[in-house]
Amino acid sequence: MCQYSCENQDGVPNNWHLVHLGTRAIGGVGLVMAEATAVTPEGRITPFCTGIWNDEQVGAWKEIVDFIEDKGSIPAIQLAHAGRKGSTHRPWSGNGTVDISAGGWQTVSASDIAFGEYDQPRELSTDEVYQLIEDFLEATMRAVSAGFKLVEIHAAHGYLIHQFLSPLSNKRTDEFGGSLENRSRLLTEIIKRLRESFPELPLLVRFSATDYAESGWDLEQTIKVATQCRELGADLFDISSGGLVSGVKIPTGPSYQAHFAEELKTSLGENDVVSAVGQITEVQQANELVASGKVDAVMLGRQLLRDPYWALRAANELEVEVNWPSQYLRGKFPN
């Protein structure tokens, strides 16, 4: 969950991020995923988002990573580039694009098509797209240097890789546009480069399974590209939905996106390949998704904002013994 809390607008995580992420590790979460972290300055969603494009950021992340790992959780990071959805105000500060004079920047995308009322992006040149592949590789190198044990490539929610994947936002005529193979090339080339350099690093990909829009990205295309990513070495797929276009109707409700993950898992025909997200809030609800074999894992976002100790409470409800921090033993159920 993005925190928009780099107050110096330099992408360097700080004490807020240490406490925010560290609290979830203390709370018993098995894997703590740091927010969408930009691989370049222009890849941030807002000027206040985290980054991992320089060594100062690596040093700040290392302190956080060490704390997460010391508390028994796996430290993970989501690498991202916002593309045309970048240079925006943080939610509590305003709406729309931040002007360049106020710390914003010229956004970029697969094509020069704006998102809603945001400023029009500049279409990336072919050479710039190839450079982005290297940017993701360099960011991964820095993430590993900081001690992260898992990397997720953010290809969902209308951010840059998703902008390349969807025919609604990609009107290119080079090798990164047109056919599904070409539109997915940015993602598949990133995975190739990462897997070549880090053959043992657990590698996740987050997809939006559908744009909820006619002639847009959909589950069938997700399955085809995920299958290719699996063949290239991706380990697990984190399946969400939407985010590319505004004004669409999204049918929400408890576990409303889980069926996308389940269908992908069935298509791949493998175990340990998909994670479900989206309005998963109750212990039995989460447990049923995994215990039934419908999905292999669940990831919580907003629920962990509300209750950072959800995992400890879940263990008690399911009558599973887990290690509590010694400092918190006096609060252990059913005391």
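How many bridges link strand β1 (residues 31–38) and β2, and are they paired in the parallel or antiparallel sense? They pair in the parallel sense, over seven bridges. The views below come from a predicted model.

**View 1. Strand β2 and its pairing with β1.** Here's the seven-bridge parallel pair, β1 and β2. Strand β2 (residues 74–80) is mostly covered, with six of its seven residues buried.

**View 2. Strand β2 and its pairing with β5.** Strand β5 (residues 150–155) also pairs with β2, in the parallel sense and over four bridges. Ala 76 turns up again here, and its bridge partner in β5 is Leu 150.

**View 3. Ser 109 and its surroundings.** Ser 109 sits in strand β3 (residues 108–109). With a relative accessible area of 1%, Ser 109 falls under the 20% cut-off, so it counts as buried. Setting aside neighbours within four places in sequence, Ser 109 is in contact with a list of residues including Arg 84, Arg 122, Glu 123, Phe 164 and Arg 172. Pro 121, Leu 124, Leu 160 and Gln 163 are among its contacts as well.

**View 4. Helix α9 and its packing partners.** Helix α9 spans residues 283–291, and its buried residues are Val 283, Gln 285, Ala 286 and Leu 289. What do they pack against? The partners are α8 (258–268), β9 (297–298) and α11 (310–317). After α9 comes Gly 293, with a positive phi near 85 degrees.

Note on methods: Residues are numbered from 1 along each chain as its sequence is written. This is a predicted model: local features need pLDDT of at least 70, side-chain atom pairs count only at pLDDT 80 or more; totals for chains, interfaces and linings use all residues. Side-chain values use heavy atoms; hydrogens and water are left out. Buried means under 20% relative accessible area, exposed over 50%, partly exposed in between (1.4 Å probe, protein chains only). Helices (H or I, at least four residues) and strands (E, at least two) are DSSP runs, numbered from the N terminus. Contact means heavy atoms within 4.5 Å. Two strands pair if DSSP finds at least two bridges between them.
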